[in-house]
Amino acid sequence: MKKIIYAAAIAIALAVGVGVYLSTGVSAAPASTFVLLDGSKKSTDDLKGKVTLVNFWATSCVTCVAEMPKVIATYDKYKARGYDTLAVAMSYDPPSYVVNFVETRKLPFKVAIDNTGAVAQAWGDVKLTPTTYIVNKRGEIVKRYVGEPDFAELHKLIEKLLAEA
């Protein structure tokens with residue numbers, strides 16, 4: 001009887017350990033090719049070595065438009081320390097609207113258009129905007145925000161990730 005209890009206790013401890021490990025939310029960023037506004041391409045592998053904010057957005061999304069000045073300010077604050085931003089316009093966003101938005105708002109970071117929806121699909125079937133991912137230097141997703149992030153919390157996370165080797 002004692003052996004069964006010990007075996008059950010070990011099984012429970014292992015299950016809890018696996019659950020804690022899986023709930024940390026760290027997973028490799030999905031293999032994707034981002035087509036930038038200038039026609040060049042960037043892949044998920046290109047994100048490695050920097051802490052990167054990947055923001056799925058649309059010009060028709062009120063929250064996306066409202067948060068963009070904070071996304072720009074965050075980029076400006078950390079870009080010299082190994083931080084990058086990649087804004088991914090949703091497939092339903094007319095490219096001319098995206099180009100106009102980028103030019104009029106003078107977005108200082110790279111912007112991609114997900115013409116086919118394949119990138120949004122690969123990144124967890126993103127449907128709601130804004131959806132933002134924080135990717136660490138190893139190319140792993142460490143945080144996902146649906147809706148506008150708490151930028152004070154986001155900045156603390158970015159600083160922590162930038163400090164990592």
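Q: How many disulfides does a search of the whole structure find, and which residues form the link?
A: In this predicted model, the sulfur atoms of Cys61 and Cys64 lie 2.4 Å apart. A disulfide requires a pair of cysteine sulfur atoms within 2.5 Å, so the pair qualifies. The search of the whole structure finds 1 disulfide, formed by Cys61 and Cys64.

Q: What is the handedness of the link of Cys61 and Cys64?
A: A disulfide is a covalent bond between the sulfur atoms of two cysteines. For Cys61 and Cys64, the angle about the S-S bond is 80°. The link is right-handed.

Q: Are Cys61 and Cys64 buried or exposed?
A: Cys61 has a relative accessible area of 9%, and Cys64 has a relative accessibility of 0%. Buried means under 20% relative accessible area. Therefore Cys61 and Cys64 are both buried.

Q: Is helix α2 roughly parallel or roughly antiparallel to helix α5?
A: Helix α2 (residues 62-78) packs with helix α5 (residues 151-163) at an angle of about 25°, and their axes are 12 Å apart. Because angles under 35 degrees count as roughly parallel, α2 and α5 are roughly parallel.

Q: Which residues make the contact of α2 with α5, and how many of them are nonpolar, polar and charged?
A: The crossing of α2 and α5 is right-handed. On the α2 side, the contact is made by Glu67, Lys70, Val71, Thr74, Lys77 and Tyr78, and on the α5 side by Phe151, His155, Ile158, Glu159 and Leu162. By class, the contact has 5 nonpolar, 2 polar and 4 charged residues.

Q: Which residues does Val71 touch, not counting residues up to four places away in sequence?
A: Val71 is found in helix α2 and is buried, with a relative accessible area of 3%. Its C-alpha atom is separated by 9.7 Å from that of Pro149, 78 residues away along the chain. Not counting residues up to four places away in sequence, Val71 touches Leu53, Thr85, Phe109 and Phe151.

Q: Which residues does Ala28 touch, not counting residues up to four places away in sequence?
A: Ala28 is found in strand β1 (residues 27-28) and is exposed, with a relative accessible area of 60%. Ala28 and Arg138 are 110 residues apart in sequence, yet 8.3 Å apart in space, C-alpha to C-alpha. With residues up to four places away in sequence not counted, the residues touched by Ala28 are Gly139, Glu140 and Ile141.

Q: What percentage of the contacts with a separation of 6 or more comes from residues 24 or more positions apart?
A: The chain has 5 helices and 8 strands, and from the N terminus the elements run α-β-β-β-β-α-β-α-β-α-β-β-α. Of the 165 residues in the chain, 42% are buried. Among contacts with a separation of 6 or more, the share from residues 24 or more positions apart is 70%.

Q: Where is Pro130, and what is the omega of the cis peptide bond that joins it to Thr129?
A: Most peptide bonds are trans. Pro130 is placed in the loop between α4 (118-122) and β7 (131-135). The bond joining Thr129 and Pro130 is cis, with an omega of about -5°.

Q: Is Lys106 buried or exposed?
A: Lys106 lies in the loop between α3 (95-105) and β6 (110-113). Although it is not a glycine, Lys106 has a positive phi of about 55°. Its relative accessibility is 66%, and because exposed means over 50%, Lys106 counts as exposed.

Conventions. Residues are numbered from 1 along each chain as its sequence is written. This is a predicted model: local features need pLDDT of at least 70, side-chain atom pairs count only at pLDDT 80 or more; totals for chains, interfaces and linings use all residues. Side-chain values use heavy atoms; hydrogens and water are left out. Buried means under 20% relative accessible area, exposed over 50%, partly exposed in between (1.4 Å probe, protein chains only). Axes are lines fitted to C-alpha atoms, for helices over the stretch in contact, and angles run from 0 to 180 degrees between N-to-C directions. Helices (H or I, at least four residues) and strands (E, at least two) are DSSP runs, numbered from the N terminus. Angles under 35 degrees count as roughly parallel, over 145 as roughly antiparallel, 65 to 115 as roughly perpendicular and the rest as oblique. A crossing is left-handed if the near helix is turned anticlockwise from the far one by less than a right angle, and right-handed if clockwise. Contact means heavy atoms within 4.5 Å. Ala, Val, Leu, Ile, Met, Phe, Trp, Tyr, Cys and Pro count as nonpolar, Asp, Glu, Lys and Arg as charged, and the others, Gly among them, as polar.
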